[in-house]
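My notes follow in the order in which I looked.

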Amino acid sequence: MAEFVAQTLNGLTLAGVIFLVSSGFTLIFGIMRVTNLSHGAVYLLGGYIGYSVIAATHSFFIGLIAGALSMAAFGLLLERTLITWLGRSEMSELLATLGLIYVLDDVALAIWGGTPLTINLPGVLGQSSTLPLSGIVYPNGRLFILGVSVVIAVGLYYLLRRTRVGAIIRAGVDDREMVGALGINVRLVFALVFTLGTLLAGFAGVLGGTVLNLYTGADSDILLFALAVVIVGGLGSYEGAILGSVVIGLVDNYGTAYFPAIAYSVLFIPVILVLLIKPQGLLGKPST
Amino acid sequence: MTAAGVGPDAGAVSPAGQGRPPGRLAGLALVSLERSRQLTGPVAGVAAAVILFLLLQSDNFTSTLVVDMLVYAIAAMALDFLGGYTGLISLGQAGILGVGAYGVAIAEVHFFSPWAAVGISLAVVLALGLALGIVAVRVKGVSFVIITLALGQVLWGLAFQWVGLSEGDNGISVATLPTLGPFDLNDPLTLRMTVLLVFWVVALLLVLMVHSPFGLSLRGVRSNEARLAALGYRTGLHRYLAWVITVFFTGVAGVLYVFVNQLISPSTMDFSANGLFVIMVVLGGLRSIWGPALGAAVIVGFQQELSIYVTRWQTLMGLTLIAVVLFSPGGFWGLVRAAGRRPDALLARLRARQVTRPPPAPASRAPAQQGETR
Amino acid sequence: MTAAQAPAPDAGSAAGPPALSAEHLCRRFRGVTAVADVSLRIPAGTRFGIIGPNGAGKTTLFNLLSGELRPTTGTVALFGRDITRLRSYRRVALGLGRTFQITRVFSDLTVLENLTLAQHGLSRTKLSPLRPWRSYGAMTTEAAELAGSFGLAGRLATPAAELSHGEVRELEVLLALALKPRVLLLDEPAAGLSPAERVSIMALLRSLPDDLTLVMIEHDIDVLRGVVDSAAVLHLGALVIQGSMRDIQQDDRVRELYLGRAAPGGRRRAGPEGSCS
């Protein structure tokens with residue numbers, strides 16, 4: 001029983017990291033119709049940069065911020081250049097970001113090498129504590145990740161549902177042209193959303209570097225998770241990203257814990273189920 | 001373009017003593033130009049066939065490279081059938097190829113004869129295609145890409161983790177290749193020739209399919225699926241069939257792969273490999289049969305040759321893809337076609353001039369018209 | 001209600017059932033009634049128009065007739081056969097063709113390829129995988145002739161994306177014709193065309209075979225006058241009148257609708273005449 005609770009917490013922690021990556025991905029797709037396949041590479045790059053900054057400054061939090069901000073800047077640059085040049089063609093954007101993966105992966109390999117790296121949590125975060133009620137000893141770092149993810153999820157929800165900016169973003173997901181016709185600077189909104197997405201991914205990279213490690217191929221792994229999330233939750237749906245992350249995080253973790261031989265493919269089960277029953281995702285809109 | 005015979009020369013009076021009227025010469029020249037233009041395709045094809053055949057004769061690095069290119073080309077052409085023509089780009093090709101390869105390897109490990117192994121592998125690939133197709137056709141566009149990406153990753157994960165079956169990261173080596181009467185694929189030359197033969201057969205089948213009513217319907221699916229449905233087509237079925245065909249041919253490539261390399265390991269199926277196939281097709285030229293083959297050759301060349309001189313060749317490849325998407329979406333083959341358009345346009349203009357040039361009145365002593373000057 | 005007392009010949013008197021008929025068609029979208037209790041009987045071989053100002057429900061009615069939409073209540077019948085439950089492509093197979101106001105042709109295919117696709121749509125050859133489509137001589141010739149008889153012969157090898165707007169409209173009609181429909185629904189075939197292009201497309205429409213039943217949505221009464229024999233006028237989803245063109249033009253209500261002759265007392269319509277149950 002204690003084991004199960006611990007695994008559930010592990011799954012939720014994973015869900016937290018996945019959520020941070022997939023929410024950005026889904027918002028970017030939702031409002032801009034851009035499939036940023038390099039989102040996983042952004043995650044990894046943010047993690048690597050965080051690692052280096054932590055190594056230089058000996059401060060986890062500075063590294064965390066560095067990872068997030070550096071990827072935000074990268075996202076802004078990317079959006080203003082490549083994405084803008086490619087215009088509206090969805091396939092072109094997909095293919096270009098595919099090419100970008102190779103570039104980013106290679107650069108990361110050149111700078112940080114192929115050996116897996118781990119980010120260590122400072123002080124109390126690196127320790128474990130006994131959880132009430134069950135007496136399980138659980139790493140604080142994971143609780144921290146879980147907590148941070150929940151806070152951000154709630155914060156983003158508030159942003160999207162309760163603020164004017166959020167309303168604009170949601171309207172943009174629904175109907176881009178209309179938003180533009182309402183006199184809103186759509187290009188600014190695009191840049192904002194894209195930057196927010198990559199910021200989240202970079203942030204997630206540093207967090208992920210603590211429990212999931214940073215290694216060549218981590219970007220593909222996290223990308224797979226993010227994609228499974230958007231399939232299950234629905235492309236473009238923020239709440240779908242939350243729901244999907246919880247499902248995928250838990251399923252993957254239980255799979256790895258209890259069925260290690262086919263762990264990777266256990267992930268596919270919710271994906272296939274959703275595709276058979278509701279192809280546009282549990283909370284997705286029917287495709288036009 | 002049909003050769004309409006020589007242009008009108010009646011009455012094109014030339015100044016006395018100049019022999020043949022220029023009209024007939026011009027007409028003959030035009031005909032021979034058109035004929036040679038028509039032949040460039042077939043001639044290039046025959047030349048390529050001959051060159052390939054010759055390159056494969058000796059057992060050296062070049063022939064190994066060419067065989068690799070041919071195997072990948074088969075998978076790339078199949079991918080284009082689904083992606084370029086039907087509009088469903090799959091990021092799971094390497095996964096399917098891996099299934100074809102592992103199928104043979106695992107069967108041989110379990111003591112099946114090589115031919116039985118081939119049969120089992122192709123049956124598995126076909127079954128996988130038929131089953132997954134039901135799910136795959138429920139989505140289109142970007143969602144389809146995502147599904148196939150996930151599929152590719154899951155297949156790779158299986159190869160990696162289901163150690164009992166796949167021997168994990170070590171991969172499986174295949175020692176025995178099939179024999180068919182006098183043709184022993186264990187002999188390297190026979191194997192290379194077989195690969196070449198399969199390449200041409202697959203290419204021929206794809207060419208036929210693209211130009212068939214079924215192929216036309218796939219282009220219609222890509223162009224305007226809703227309208228095609230309104231014309232009475234069951235478009236989901238057409239997409240399903242295209243998927244199954246593509247998966248099967250890719251599986252064939254996988255079988256050849258494991259025979260050529262005598263080893264299959266998960267790295268053949270990782271994300272990078274999946275992306276590579278898409279790059280081959282885009283680089284080579286979507287919606288062409290030969291473009292992807294060309295793209296496969298280029299990418300294999302990059303991998304084997306360029307990697308020696310340029311450590312960061314992957315960056316280069318990624319940048320090349322981005323550049324192609326930005327500046328030349330038709331890929332290399334698009335450039336070839338564009339190169340062919342100018343002579344075509346020129347010939348068409350010359351032909352139009354020939355046909356519309358009216359025969360001058362017999363009594364006229366006007367010098368032969370040269371048509372509008374440009 | 002006014003709809004049923006139409007001077008148009010009653011369907012029963014003509015030979016056979018009406019080509020297309022609708023009984024009490026209703027379509028609601030969440031509180032908005034787009035089509036309210038519309039009944040029509042269109043005899044075979046007639047040229048029938050559907051007129052009405054914007055928002056009158058014409059395209060929705062078309063969508064109900066062609067199967068793009070299911071009615072909330074009511075039925076649709078093709079030559080007496082109830083097709084209400086059939087999806088659009090099934091109705092196509094039964095002889096009901098349709099064009100769209102926003103043209104839906106295959107832009108990256110040539111005119112010949114467009115029409116060939118339509119030709120093969122009727123037969124099982126559409127799944128034929130190995131024989132070149134050009135080798136189906138009969139079908140390809142028919143496609144070429146279809147294009148030729150309506151002026152697109154010189155454009156067979158042109159990709160549809162490079163056609164002029166008028167030519168695209170013609171191709172749109174040709175695509176529908178290639179399926180050999182018995183009833184053809186045309187959704188604003190002349191919309192957005194220059195006067196010269198209008199003449200061209202009207203000539204095309206007039207030259208269509210007599211046994212083909214045409215139902216046409218049009219805004220412009222002048223365009224209709226040259227092509228249709230009778231028509232129905234819709235307003236706010238309901239049928240105002242159905243009759244010959246002359247009857248329609250002399251009808252008071254139609255005049256009020258189009259010329260805005262409002263009564264001094266400010267008589268305003270509260271809602272559609274018909275209503276859905």
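Predicted model: local features only at pLDDT ≥ 70, side-chain atom pairs only at ≥ 80, totals over all residues.

Entry 1. I found 20 residues of chain B in contact with 26 residues of chain C. On the chain B side, α7 (188-210) and α8 (213-230) each supply at least two residues. I noted α8(B) as the element that gives the most to this side, with 13 residues. Sorted by class, the side of chain B that touches chain C has 11 nonpolar, seven polar and two charged residues.

Entry 2. I then turned to the contact between chains B and A. Here 32 residues of chain B are in contact with 36 residues of chain A. The helices of chain B that each supply at least two residues to this side are α5 (141-161), α10 (271-284) and α12 (313-327). I looked up which of them gives the most, and it is α5(B), with 13 residues. By class I recorded 20 nonpolar, 10 polar and two charged residues on the side of chain B that touches chain A.

Entry 3. Next I looked at the sheet in chain C. It is an open sheet of four strands in the order β2-β1-β4-β5, with antiparallel pairing. I asked which strands stand at the edges. They are β2 (32-42) and β5 (81-82) of chain C; each has a single partner strand, so one side of each is left without a neighbour in the sheet.

Entry 4. β1(C) and β2(C) run antiparallel and are joined by seven bridges. Within this pair, Arg27(C) has Val35(C) in β2(C) as its bridge partner. The two strands form a hairpin with two residues between them, and Arg30(C) in the turn has a positive phi of about 45°.

Moving on, I counted five bridges between β1(C) and β4(C), again in the antiparallel sense. In this pair, Ser21(C) stands opposite Ala77(C) of β4(C).

The remaining pair is β4 (residues 73-78) of chain C with β5(C), which is antiparallel over two bridges. I noted Arg81(C) in β5(C) as the bridge partner of Leu78(C).

Entry 5. Last, I checked what lies across the sheet. Helix α1 (residues 58-66) of chain C lies across β1 (20-29), β2 and β4 of chain C. I wrote down its direction as about 120° to β1(C).

Notes. Residues numbered from 1 in each chain as written. Chains lettered and ligands numbered in written order. Contact = placed C-beta atoms within 7 Å. Nonpolar A, V, L, I, M, F, W, Y, C, P; charged D, E, K, R; others polar. Pairing = 2+ DSSP bridges. Axes fitted to C-alpha atoms, helices over the stretch in contact; angles between N-to-C directions.
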